[in-house]
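Reader: Hi, I have a model open and I'm new to this. Can you walk me through it?

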Amino acid sequence: MAEGSIGQSNAQQSRFFSFAIRSHVEVIACIRLIQRREYIDRNSKLVKDFEQLGSKLFAKLNAFKSAIK
């Protein structure tokens with residue numbers, strides 16, 4: 001996030017946050033694939049914590065992006 005926070009216009013920051021959101025969605029897709037292939041237990045604390053944190057992060061990224069438009 002630090003790369004997109006200094007000296008940029010709102011439009012540039014919004015674009016940067018779009019990249020961050022897409023990257024976040026890719027990470028979620030990778031976690032789902034790892035679960036489906038049973039490399040990690042779906043019920044593990046790590047997965048549950050990630051899902052909880054991931055949902056919050058996704059919402060916050062979207063809210064911030066909307067706020068700077």
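Reader: How many aromatic pairs does the structure hold?

Author: It holds two aromatic pairs. Rings of Phe, Tyr and Trp (its six-membered ring) pair if their centres lie within 6.5 Å; planes under 30 degrees apart count as stacked, over 60 as edge-to-face and the rest as tilted.

Reader: What kind of pair do Phe 16 and Phe 17 make?

Author: An edge-to-face one, because their ring centres are 6.0 Å apart and the planes stand at 90°. A word on the source: this is a predicted model, where local features need pLDDT of at least 70, side-chain atom pairs count only at pLDDT 80 or more, and totals for chains, interfaces and linings use all residues. Residues are numbered from 1 along each chain as its sequence is written, and side-chain values use heavy atoms, with hydrogens and water left out.

Reader: Is Phe 17 buried or exposed?

Author: Buried, with a relative accessible area of 8%. The cut-offs are under 20% for buried, over 50% for exposed, and partly exposed in between (1.4 Å probe, protein chains only). Phe 16 is buried too, at 17%.

Reader: And what about the rings of Phe 17 and Phe 64?

Author: That pair is tilted, because the centres lie 4.7 Å apart and the planes are at 50°. The pair links distant parts of the chain: Phe 17 sits in helix α1 (residues 10–36) and Phe 64 in helix α2 (residues 45–67), 47 residues apart. Helices here are DSSP runs (H or I, at least four residues), numbered from the N terminus; strands are E runs of at least two. Phe 64 is partly exposed, at 39% relative accessibility. Ring pairs join Phe 16, Phe 17 and Phe 64 into a cluster.

Reader: New topic. How many helices and strands does the chain have?

Author: Two helices and zero strands.

Reader: How far apart are the end C-alpha atoms of α1?

Author: They are 39 Å apart. The 27 residues of α1 should span 39 Å at 1.5 Å a residue, so the two values agree. The expected span is 1.5 Å times one less than the number of residues.

Reader: Which residues in α1 are buried?

Author: Among them are Ser 14, Ala 20, Ile 21 and Ile 31. The cover over the buried residues of α1 includes α2.

Reader: Where is His 24, and what does it touch?

Author: His 24 is in helix α1. It is buried, at 9% relative accessibility. Not counting residues up to four places away in sequence, His 24 touches Gly 54, Leu 57, Phe 58 and Leu 61. Contact means heavy atoms within 4.5 Å.

Reader: Now charges. How many salt bridges does the count come to?

Author: Two salt bridges. The rule is a side-chain nitrogen of Lys or Arg within 4 Å of a carboxyl oxygen of Asp or Glu. One joins Arg 32 and Glu 51, with the closest N and O atoms 3.1 Å apart. This pair links distant parts of the chain, from helix α1 to helix α2, 19 residues apart.

Reader: Which residue forms a salt bridge with Lys 45?

Author: Asp 49, with the closest N and O atoms 2.7 Å apart. Lys 45 and Asp 49 are four residues apart in helix α2, so about one helical turn separates them. Lys 45 is exposed, at 60%, while Asp 49 is partly exposed, at 35%.
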